[in-house]
Amino acid sequence: MDVTAQLLRLFQVDKQYRGLQTRLNAAEKFLAEQTKQLADITAKATLCEAQIKQLTAVVANHEGETKRLDARMETIRGQMNSAQTNKEYKAFLTEVNTIKAERDRFETQALESMSKVDEIKKQLETLIAQKSDRERVRGVAAQERDTRAAEIKDRLTELKTQRDALTKGIAPETLTVFERLVTTKGDEAMAAVEVTDRKRHEYNCGSCMMHLPVETVSGLLSGGRLTRCVSCSSILYLTEEDAKSFQPAAAKR
Ligand SMILES: [Zn+2]
């Protein structure tokens with residue numbers, strides 16, 4: 001087998017390998033997205049829980065203060081009833097009014113905090129529902145990833161073995177050229193020669209469509225030597241069909 005034929009087989013094995021890997025990568029990416037979303041929702045829910053706890057403590061504190069001030073006012077009102085002078089009475093009255101204003105402030109703040117707690121509890125409910133939905137989707141995604149991985153595991157091992165066997169017959173420097181091209185061009189690393197007109201010797205690169213000189217094609221036909229498109233650097237090859245179609249003509253001569 002000539003070097004072009006060897007590279008073509010390697011290219012086809014690699015392509016299959018990449019194809020399988022791409023499907024697995026897609027499943028893995030989807031799973032990672034679900035995991036991230038789940039973590040975001042969980043973090044938000046945790047924050048809501050902390051806020052509820054903190055605000056509930058604020059409410060309890062304000063309610064305690066309100067009760068304390070109520071008791072204080074009760075005491076002063078009792079003292080007012082037994083006030084000896086008008087001046088004394090007025091002093092008690094001023095104190096009661098001051099305490100009442102303070103008490104009302106605590107009460108208002110307690111109510112505000114309570115309504116905030118209700119609001120956050122609603123947010124938390126929504127988050128809990130979202131979380132359970134996301135957990136379900138994440139579960140499906142994890143299963144899908146595992147199934148995909150299991151499905152392709154044997155085939156990947158098989159392709160890897162084939163690849164190792166194929167690379168053994170190829171010169172290291174040729175392999176380096178090939179691998180570098182695969183990294184930069186992927187499925188375009190190799191391109192079939194397109195025969196546009198046999199009689200006029202018109203050939204194109206199947207990747208960039210640039211015209212190929214006839215020597216390029218004859219080089220491929222005679223020894224299958226490593227041939228690259230001058231325009232796009234793809235490694236060129238002749239399809240089996242085209243290669244065969246050249247043979248009888250050569251034999252006739
Ligand atoms: Zn080209």
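Four donor atoms surround the zinc ion at angles of 105 to 114 degrees, which makes the arrangement tetrahedral. For comparison, the ideal angle for four tetrahedral donors is 109.5 degrees. This is a predicted model.

The zinc donors are the SG atoms of C205, C208, C229 and C232, lying 2.3 Å from the ion. Along the sequence they follow the spacing C-x2-C-x20-C-x2-C. C205 sits in strand β2 (residues 202–205), while C232 lies in the loop between α4 (214–223) and β4 (235–237). These two residues are 27 apart and link distant parts of the chain. Both C205 and C232 are buried.

Salt bridges come next. The whole structure holds 16 of them.

| Salt bridge | N to O distance |
|---|---|
| R163 and D14 | 2.7 Å |
| R103 and D70 | 2.5 Å |
| D104 and K100 | 3.4 Å |

R103 is buried, with a relative accessible area of 14%. D70 is partly exposed, at 28%.

D104 and K100 are both in helix α2. They are 4 residues apart, so about one helical turn separates them. D104 is partly exposed at 30% relative accessible area, and K100 is partly exposed at 38%.

A network of salt bridges links D70, K100, R103, D104 and E107.

Conventions:
Residues numbered from 1 in each chain as written. Predicted model: local features only at pLDDT ≥ 70, side-chain atom pairs only at ≥ 80, totals over all residues. Heavy atoms only, no water. Donors = N, O, S within 2.8 Å, 3.2 Å for Na, K, Ca; no water. Tetrahedral: all angles 85-135°; square planar, octahedral: opposite > 155°, others 65-115°. Buried < 20%, exposed > 50% of the residue type's maximum accessible area, 1.4 Å probe, protein only. Salt bridge = Lys/Arg side-chain N within 4 Å of Asp/Glu carboxyl O.
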